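Thanks for coming. Please have the sequence and the 3D view open while I talk.

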Amino acid sequence: MKLGVIADDFTGAVDIAGFLVSGGMRTLMCAKPVATGQLPETDAIVMSLKIRSIPSSDAVKEALSALAFLQEAGCDRFYYKYCSTFDSTEKGNIGPISDALRAALGLSSTLICPSLPINRRTVYHGYLFVGDQLLSDSPMRHHPLNPMKMSKLADLLAMQSPATNGHVYYDVVRKGATAVKNRIDTLEKDGVNNIIVDVINDGDLTTIAKATEDMLLVTGGSGLAQGIAAVRAKALGERGTAKPAFLPKRTKAVVIAGSCSAMMQKQVAYYKEKAESFSIDEQACVDDPSYPETLAKWVFAHQGSTLAPMVFATRSPEELQYNREQRFKGVYLAGIIEQVFGKMTAILAQKGVETFIVGGGETSGVVASTLGVDAYLIGEQIDPGVSWVQSLDKKYQLVLKSGNFGCESFLEKAQECYDERN
Ligand code: ADP
């Protein structure tokens, strides 16, 4: 099997890739199709798209072209990955994308499995729970882009598409893979399009993965990938626990903290005590065109210690408010800081920095696009949802994390993964 994953956002793509790698699958992640002649041999390809919150007709188009690329790249099984809290609005996008992928593959049925028990997202009697609350009672009710005001997956899907829905309830799941497979066969024969499965623990994910080995297309959160990797590892024995595709090495490095999230603030405070750090001057970002050069020079002057030097823009909510409302009123400071980080990255790369450890989703996007990296081999997982990645040409190794991900010591912990043998 070569698994082709269509992930609806970047962090979700890294998340599922991490599960596949820790289950022993060599995994490549691409933001864009890559010439298939250049692809290394892998067990899975994850396409990271940005289609969660765009109009559903555009999302469908992008998902279908990702499918075409994955097919061309030799994938023979497909997985549409969305958020375990089923993030979508009444108008899309999970239903329409599932329908379009099914149609493109000539299938009448697919699986709907958002559960991620490790993060306490479970499905029981077709209702999605976050911890001990129904999805619609959880903080997801107030999500700015897609407030989740319903919890019954069949109702959510019915709003989004005309496809029919059926269930595999927990009384069947607990009987094991054969019982689940029989139930799925019956639903398929009855012409049910979306087969919604109950899952409340990791063992259930393995049951579902075993029962659906023959399904050409499955859909779900990253949890099911855990089950698929576990089933495959068992089938392969030794090779199933193969090492990740690469081990990070100690090279010239920089930590760039561009996020101001609560966790990033803790991570910056922790790391400041351990390594050289430089707090950017917002005024200089606005006024001084040579400021990126100044920052790059500082980074160079502070190579050599065990931990990489950190340049950070991270501020508290009060400082941000002051910047926004008084000090830089009317100035798009966030964008200016992103540009400064982008230019600094370009100078650093030109002068031989090969390791970039980046905090912040947008900031990561700027660094990756400045370096021209849009396909990655996935390495060791540092914390849930964040892994080391390496550019396909092996020139750069990166950590790209959304602000809130990782534990307090994350920036140090990432560098403890270095392979010190050479
Ligand atoms: P997260 O993953 O936490 O959302 P992002 O990198 O996506 O982090 O977004 C953080 C945004 O905040 C970026 O646009 C960044 O340039 C901006 N930013 C960082 N520091 C400051 C600051 N001191 N003042 C204003 N904006 C800032």
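**The ligand and its surroundings**

H13 gives the largest share of the shell around the ligand, with 4 residues. Before I go on, a word on the source. This is a predicted model, in which local features need pLDDT of at least 70 and side-chain atom pairs count only at pLDDT 80 or more, while totals for chains, interfaces and linings use all residues. Residues are numbered from 1 along each chain as its sequence is written, and side-chain values use heavy atoms, with hydrogens and water left out.

Back to the shell. At least two of its residues come from each of helix H12 (317–327), helix H13 (333–350) and helix H14 (361–371). Helices here are DSSP runs of H or I with at least four residues, strands are runs of E with at least two, and both are numbered from the N terminus.

Which residues come nearest to the ligand? Among the 19 residues around the ligand, they are Ser259, Glu338, Gly361, Glu362 and Thr363. A residue is near a molecule or strand if one of its heavy atoms lies within 4 Å of it.

By type, the shell holds 6 nonpolar, 9 polar and 4 charged residues. Nonpolar stands for Ala, Val, Leu, Ile, Met, Phe, Trp, Tyr, Cys and Pro, charged for Asp, Glu, Lys and Arg, and polar for the others, Gly among them.

Now the oxygen atoms of the ligand. A polar side-chain atom of glutamate 338 is 2.5 Å from a ligand oxygen. A polar backbone atom of alanine 334 lies 2.8 Å from an oxygen atom of the ligand. For glycine 403, a backbone N or O atom is 2.8 Å from a ligand oxygen. On its own the ligand has 580 Å² of accessible area, and the protein covers 81% of that. Accessible areas come from the Shrake-Rupley method with a 1.4 Å probe; for residues, only the protein chains shown count as cover.

**A cavity**

Next, empty space. Rolling a probe the size of a water molecule over the atoms shows where such space is left. A cavity, on a 1 Å grid over the protein atoms alone, is a set of points where a 1.4 Å probe fits but cannot get out, and its lining residues have an atom within 4 Å of a point. Grid points are joined across faces, edges and corners, and the volume is the space filled by probe spheres set on the points.

How many cavities of 30 Å³ or more are there? The count is 1, and the largest cavity has a volume of about 30 Å³. Its lining consists of Asp8, Ile51, Arg52, Tyr80, Asp87, Ser88, Asn93, Ile94 and Ile97. That lining divides into 4 nonpolar, 2 polar and 3 charged residues.

The peptide bond from glycine 92 to asparagine 93 is cis, with omega near -20 degrees. Asparagine 93 sits in the loop between strand S4 (77–81) and helix H3 (94–105).

Start with threonine 219, in strand S11. Is threonine 219 buried or exposed? Threonine 219 is buried, because its relative accessible area is 0%; buried means under 20%, exposed over 50%, and partly exposed in between (1.4 Å probe, protein chains only). Its side chain and that of tyrosine 82 are joined by a polar contact of 2.7 Å. Such a contact is a pair of N or O atoms within 3.5 Å; within protein, one must be able to donate a hydrogen and the other to accept it, and residues adjacent in sequence count only if both atoms are side-chain atoms. A polar atom of the threonine 219 side chain also lies 2.7 Å from the backbone oxygen of leucine 111.

Serine 151, in the loop between strand S8 (133–134) and helix H4 (153–160), counts as buried at 5% relative accessibility. A polar contact of 2.7 Å joins its side chain to that of serine 136.

Finally, two residues with a positive phi. Histidine 125 has a phi of about 50 degrees although it is not a glycine. Histidine 125 lies between strand S6 (121–124) and strand S7 (127–130), in the loop, and is partly exposed at 38% relative accessible area. Lysine 394, also not a glycine, has a positive phi of about 65 degrees. Lysine 394 is in the loop between strand S17 (386–391) and strand S18 (397–401), and it counts as exposed because its relative accessible area is 55%.

That is the end of my part.

Terms used: On a 1 Å grid over the protein atoms alone, a cavity is a set of points where a 1.4 Å probe fits but cannot get out, and a pocket is an open set with protein on both sides within 12 Å along at least five of seven lines; lining residues have an atom within 4 Å of a point.
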